[in-house]
Amino acid sequence: MEAARKTVLLLGDLTGKGRVGVRMLTAALEARGHEVLSLPTALISNMLNLGAHEALDTTDYLLRTLETWKALGVGFNLLYIGYITGLAQARSLVPVADEARGRGIPVLVDPILGDGGRRYRSVSDDQLAGMALLARHATLITPNLTEACLLTDTPIEAAERGGEAAWRMIERLGGGQRSVLVTSARMDGAHAVLGWDAQGGERIALPYERLPARGFGTGDLFCALLADALLSGEPLRAAARRASDGVAQQIRLGGRGLLE
């Protein structure tokens with residue numbers, strides 16, 4: 001199913017080196033025919049895993065631009081919020097998310113906090129608190145397993161075993177009000193995307209084959225493909241399956257695809 005051209009507003013990090021964050025989302029969404037409005041939450045010199053970086057908080061510019069666009073009548077069909085600089089910025093974005101939800105616009109929050117069982121080296125307690133706040137104002141959140149554990153204070157060892165510990169973590173994330181998709185999870189010994197569809201009232205468990213990823217930005221690509229599928233009207237389970245399969249396809253393509 002192909003999505004008609006829609007407009008997506010991206011609020012996240014604009015990274016100078018590395019096709020991640022807003023750069024990856026923009027490339028994937030524009031390749032699928034959507035209009036992308038993007039505003040940086042921060043300008044970041046390079047990917048955080050390199051060990052050192054420079055960053056510029058752009059909250060004031062972002063908020064002024066949103067007011068300008070509102071006055072001009074610029075609208076959007078889906079709101080994505082990714083990397084944030086901290087709790088103060090998160091608080092300033094809560095009204096943006098609430099206004100969008102109030103108009104029936106999906107709000108996808110991707111908590112950029114860590115991977116591989118630990119926080120990214122540069123992520124502070126303040127950023128974790130900010131992401132926890134924003135997650136409560138989303139219609140859908142897409143943490144990886146590490147980020148889900150950080151947001152719920154769940155031991156990574158328990159979550160990796162899957163079973164009821166994983167489902168309890170997902171229930172806490174959803175709070176009975178929002179949908180959740182946890183990537184890089186485990187269930188019955190298999191790698192899986194696990195989640196909760198708040199609209200459909202059902203658990204989601206989608207096994208997948210783990211491939212050696214080449215490059216970075218797989219989580220960002222998952223969000224872009226998920227947004228594309230949701231904008232086409234697909235239910236969450238089908239959209240998550242399409243996004244997961246799409247990431248695997250790009251990994252197989254290597255340098256010939258979107259992943260560098």
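**A walk through the model**

G104 sits in the loop that links α3, residues 87-102, to β5, residues 107-109. The structure shown is a predicted model. G104 counts as exposed because its relative accessibility is 61%, and the cut-off for that label is over 50%. Along the chain, G104 and T139 are 35 residues apart, and their C-alpha atoms are separated by 9.9 Å.

In soluble globular proteins, nonpolar side chains tend to be buried together. The largest nonpolar core here has 46 residues, and the members that touch the most others are L11, L79 and I81. Helix α3 supplies the largest share of this core, with 7 residues. Leaving aside residues up to four places away in sequence, I81 is in contact with L11, L93, A97, L108, V109, D110 and L134. A separate core of 40 residues lies apart from this one, and its members include L25, Y83, A224 and I251.

The last topic is the backbone. Most residues other than glycine have a negative phi. D153 is not a glycine, yet its phi is positive, at about 55 degrees. This residue belongs to the loop between α5, residues 145-152, and α6, residues 156-160. With a relative accessibility of 71%, D153 counts as exposed.

S184 also has a positive phi of about 55 degrees without being a glycine. Where is S184 found? Its place is in strand β9, which covers residues 179-187. Its relative accessible area is 24%, so S184 is partly exposed.

How values were computed:
Residues are numbered from 1 along each chain as its sequence is written. This is a predicted model: local features need pLDDT of at least 70, side-chain atom pairs count only at pLDDT 80 or more; totals for chains, interfaces and linings use all residues. Side-chain values use heavy atoms; hydrogens and water are left out. Helices (H or I, at least four residues) and strands (E, at least two) are DSSP runs, numbered from the N terminus. Buried means under 20% relative accessible area, exposed over 50%, partly exposed in between (1.4 Å probe, protein chains only). A nonpolar core is a set of buried Ala, Val, Leu, Ile, Met, Phe, Trp, Tyr and Cys residues joined through side-chain atoms within 4.5 Å. Contact means heavy atoms within 4.5 Å.
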